[in-house]
Amino acid sequence: MFDEDAVERVVRYLRRSVRIDPALDHRVMDEIAALPAGPAVPAGGVWQWLTGRRLALTPLGAIGLAAAFVVAVVGVWRVRSTPDSVEPGVRGFQFVLVEPHAANVSLVGDFNDWDAARTPMHRTAGDGLWSTVVPLEPGRYRYAFLIDGRLWVADPTAPTTRDDDFGAPSSVLTVGGEGL
Amino acid sequence: MMRARGYAVLVSLCLVAPFARAAAQGDPRLERLDAATRPVVVALIDSARAVGLPVNPLVERALEGALKGASGTTIATAVRRLAADFGRARDALGPGASPVELDAGAAALRAGAGPDVLTRLRRARGHRPVTMALAVLTDLVARGVPIDTATTAVLTLAATARDEDLVDFRRAVERDIAIGAPPAAAASIRVNAAAREARPGRP
């Protein structure tokens, strides 16, 4: 079905222990110590600046200032509540394929309108590991890998679709969550 | 009464169809189909939309065929077949089924589940979505679990299990298969274990 040696290589690569130079901490702390100190601000001077000024407001001016404050607070709240900035329910899914001899690999599926140009995969290791991350909402997605623009490969880690209408394999991913 | 309702549906279709056709023709994604295939697919999508079936999966299926180099006839056949499966899935799941449920239902039907299985799953899940139960059923069959075994397993769990539990069950079966267990045995053993957990104190 798929190259078990290649999968083993990927597992070994992902499980490898990462060694950190023991002198790293010292080098970082030395760099911090070498940074120039910022200008000192005496607390007393700040207090004097704040309390030494007198601000006179008419009742109308006070109402205007309060209104401006409310508008500013509501504006900030609305910006933070904009759906585009939150995108609830969307999660990133990583797709991985081992294909040592490929020059390029694309991920295509229902999530990118089967457009081979939309989601190119990136080679993340020297031994042919290709990967990409796609944000997905809850739903059911068919997808496949396209190698060098001509060879179709189903995801060996996912179930293969039973409804193969086009003679090339596809895989299926069901993303759970609200709205499913 | 029935005649009046029939007239109402007919009038609704007449009113909706022109807009539906405009919407499908205006879908820029379908421009990737060749000139001969596009109108056929657009007509199929119009028909599906007019009877309330989800259209985006139909568009995606056509695009999949186009990218995979399928002929126009093959693409049209695939879209028509999928629309028909959506209709069968809706008959089995009920008119309130969501588009994602219909998609999962159509896949389950193709995996070999009968419409009665979809109906029983809907009944077992109550008000909860049936999508994940159908997806797990289909995935198990794709992993080599016989359809009868997969159906029994999912129906056993469906009444009480959460979606997360169903996914955990599927993963456990997949793990067992990956280390060499026969698919049918893996599903049976895992579902029995899950059922025992759900009924503590019983052997």
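Reply: **A helix pair in chain B**

The axes of α2(B) and α3(B) come within 10 Å of each other and cross at roughly 160° (axes are lines fitted to C-alpha atoms over the stretch in contact, with angles of 0 to 180 degrees between N-to-C directions). That crossing makes α2(B) roughly antiparallel to α3(B) (roughly parallel is under 35 degrees, roughly antiparallel over 145, roughly perpendicular 65 to 115, and the rest oblique).

A quick word on what you're looking at. This is a predicted model, where local features need pLDDT of at least 70 and side-chain atom pairs count only at pLDDT 80 or more, while totals for chains, interfaces and linings use all residues. Residues are numbered from 1 along each chain as its sequence is written, with chains lettered from A and ligands numbered from 1 in the order in which they are written.

Now for the residues that do the meeting. From α2(B) come B:Val41, B:Leu44, B:Ile45 and B:Ala48, and facing them from α3(B) are B:Leu58, B:Val59 and B:Ala62 (contact: C-beta atoms, placed from the backbone, within 7 Å). Sort that contact by class and you get seven nonpolar residues, with no polar and no charged ones (nonpolar: Ala, Val, Leu, Ile, Met, Phe, Trp, Tyr, Cys, Pro; charged: Asp, Glu, Lys, Arg; polar: the others, Gly among them).

You'll find B:Ala62 in helix α3, which covers residues 56-67 of chain B (helices are DSSP runs of H or I, at least four residues, and strands runs of E, at least two, numbered from the N terminus). B:Ala62 counts as buried because 29 C-beta neighbours sit inside 10 Å (buried is 20 or more other C-beta atoms within 10 Å, exposed 12 or fewer, partly exposed in between). Leaving out residues up to four places away in sequence, B:Ala62 touches B:Leu30, B:Leu33, B:Val41, B:Ile75 and B:Val79. Take B:Leu30 from that list: it is 32 residues from B:Ala62 along the chain, yet their C-alpha atoms are separated by 8.0 Å.

Next, hop over to the partner helix. Helix α2 of chain B covers residues 37-50, and B:Thr37 lies in it. B:Thr37 is buried too, because it has 22 C-beta neighbours inside 10 Å. With residues up to four places away in sequence set aside, B:Thr37 touches B:Gly72, B:Ile75 and B:Ala76. B:Ala76 is 39 residues from B:Thr37 in sequence, but C-alpha to C-alpha the two are 7.2 Å apart. Notice that B:Ile75 turns up again here: B:Ala62 touches it, and B:Thr37 does as well.

Step back and look at chain B as a whole. Of its 203 residues, 42% count as buried. Among the contacts in chain B with a separation of 6 or more, 63% are between residues 24 or more positions apart.

On its side of the meeting, 27 residues are in contact with 19 residues of chain A. Strand β5 of chain A (residues 139-147) gives the most to the side of chain A that touches chain B, with three residues. That side of chain A divides into eight nonpolar, four polar and seven charged residues.

Three of them form an open sheet in the order β1-β4-β3 (chain A), with antiparallel pairing (two strands pair if DSSP finds at least two bridges between them). In chain A, β1 (91-98) and β3 are the edge strands; each has a single partner strand, so one side of each is left without a neighbour in the sheet. Eight bridges join β1(A) to strand β4 (residues 129-136) of chain A, and the two run antiparallel. Along this pair, A:Gly92 stands opposite A:Pro135 in β4(A), and A:Val98 stands opposite A:Leu129 in β4(A).

On the other flank, β3(A) and β4(A) pair in the antiparallel sense over two bridges, and A:Arg123 stands opposite A:Trp130 in β4(A). β3(A) and β4(A) form a hairpin with five residues between them, and A:Gly128 in the turn has a positive phi of about 90°.

A:Trp114, in the loop between β2 (105-109) and β3 (122-123) of chain A, has a positive phi of about 50° although it is not a glycine. A:Trp114 counts as buried, because 26 C-beta neighbours lie inside 10 Å. A:Asp148 also has a positive phi of about 50° without being a glycine, and lies in the loop between β5 and β6 (151-153) of chain A. A:Asp148, though, is exposed, because it has 12 other C-beta atoms within 10 Å.

Methods: Two residues are in contact if their C-beta atoms, placed from the backbone, lie within 7 Å.
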